[in-house]
Amino acid sequence: MRIGLLGTGPWAQMVHAPALGAHDGLDFVGVWGRRPAAAKELADRHSIRAYDDVDALLAEVDAVAVALPPAVQAELAAHAARAGCHLLLDKPVATTVDDGRAVVEAARGAGVASVVFFTTRFQSAPEAWITEQAGRDGWFVGRAQWLGALFSGDNPFAASPWRREKGALWDVGPHALSVLLPVLGDVTGVAAAARGPEDTVHAVLHHATGASSTLTLSLTAPPAAAGATVELRGTAGVTALPAGSEGALPAFARAADALLAAAGSGRPHPCDAAFGLRVTEILASVEDTLGTQ
């Protein structure tokens, strides 16, 4: 499968481009970015072509990987789908329901496959744990804490305008939901939401299985307090999400494997654009609840 990359930022440089270039099942053709000089620099590093015109790149590939801010991603993903390209997307798919729905409708209309890179879902130990817990009944409550210290030290994502604007709800909220939803079921209602220090958000969710869950999300936690925890309690006892030890590069390679499988079989992956849209809908509901305070 011939694949192109849309985006040239830190995530594209650190994960997307190296993983695409090393993948045996992909022919990494080229890169397009909003900053042509950055696209050329990244292309030269990987001995591929930098495209000034995104349509020229779309015309020469079977799929695109997207490493762009969500609002930009949504518009270009829908455009790429209409051009017949399979989609390897980043989370969140979009930060508005309308934008997320446009991506899903474009992908369905064109008959292309899609996979959203929720990092935890493509790490082997966490994914095995999620699959095991999803096969058990009787979950009573879940708790997800996703606490980052993004703006401390020299984090390469600290300068991200969309993360500063949208905060933890939209940056790490998708990770938490990607773990909880397969186990506890779809969210049927946002029971409560409240703001904490700086960008911290707390939310209480009702799930289709009858379980409830709590989210605590932040990008502004003290470095000593940062970390991610997901705990489930029910008739099976208490269990916690194991840490992923493999890093983002192997996880992204598995996401690429998933896209190849979905494109070849025609069967949607559990983390497709439709799942990404559902995550967007839930986060938008939490945001709406916060707005009523």
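Rings of Phe, Tyr and Trp (for Trp, the six-membered ring) are taken as a pair if their centres lie within 6.5 Å; planes under 30 degrees apart count as stacked, over 60 as edge-to-face and the rest as tilted. By this rule, 5 aromatic pairs are counted. The model is predicted, so that local features need pLDDT of at least 70 and side-chain atom pairs count only at pLDDT 80 or more, whereas totals for chains, interfaces and linings use all residues. Residues are numbered from 1 along each chain as its sequence is written, and side-chain values use heavy atoms, with hydrogens and water left out.

A pair of aromatic rings is described by the distance of the centres and the angle of the planes. The ring centres of Trp11 and Phe157 are 5.8 Å apart and the planes stand at 70°, so this pair is edge-to-face. Trp11 belongs to helix H1 and Phe157 to the loop between S7 and H7; the pair links distant parts of the chain, 146 residues apart. Helices (H or I, at least four residues) and strands (E, at least two) are DSSP runs, numbered from the N terminus. Phe157 has a relative accessible area of 15% and is buried (buried means under 20% relative accessible area, exposed over 50%, partly exposed in between, with a 1.4 Å probe and protein chains only). For Phe117 and Phe122, the centres are 6.2 Å apart and the planes at 40°, so the pair is tilted. Phe117 is buried at 1%, and Phe122 is buried at 5%. One aromatic cluster is formed by Trp11, Phe117, Phe122, Phe157 and Phe252.

Pockets were located on a 1 Å grid over the protein atoms alone; a pocket is an open set of points where a 1.4 Å probe fits, with protein on both sides within 12 Å along at least five of seven lines, and lining residues have an atom within 4 Å of a point. Grid points are joined across faces, edges and corners, and a volume is the space filled by probe spheres set on the points. The largest pocket has a volume of about 760 Å³. Its lining comprises 28 residues, of which Trp11, Thr119, Trp146, Val172 and His175 are the closest to the centre. Strand S7 (139-147), helix H7 (161-171) and strand S11 (227-234) are the elements that give two or more residues to this lining. By class, the lining of the largest pocket has 15 nonpolar, 9 polar and 4 charged residues (Ala, Val, Leu, Ile, Met, Phe, Trp, Tyr, Cys and Pro count as nonpolar, Asp, Glu, Lys and Arg as charged, and the others, Gly among them, as polar).

The second largest pocket holds about 450 Å³ of space. It is lined by 23 residues, and the closest to its centre are Gly9, Pro10, Arg34, Ala67 and Pro69. Helix H1 (10-22), helix H4 (70-82) and H7 each supply at least two residues of this lining, with H7 giving the most, 3 residues. The classes are 12 nonpolar, 6 polar and 5 charged residues.

Two further residues were examined for their surroundings. Ser114, in strand S6 (residues 114-117), is buried at 9% relative accessibility. Its side chain reaches the backbone nitrogen of Ala273 at 3.0 Å. Leaving out residues up to four places away in sequence, Ser114 touches Leu87, Leu259, His269, Cys271, Asp272 and Ala273 (contact means heavy atoms within 4.5 Å). Gln123, in the loop between S6 and helix H6 (124-134), is buried at 10% relative accessibility.

Definitions and conventions: A polar contact is a pair of N or O atoms within 3.5 Å; within protein, one must be able to donate a hydrogen and the other to accept it, and residues adjacent in sequence count only if both atoms are side-chain atoms.
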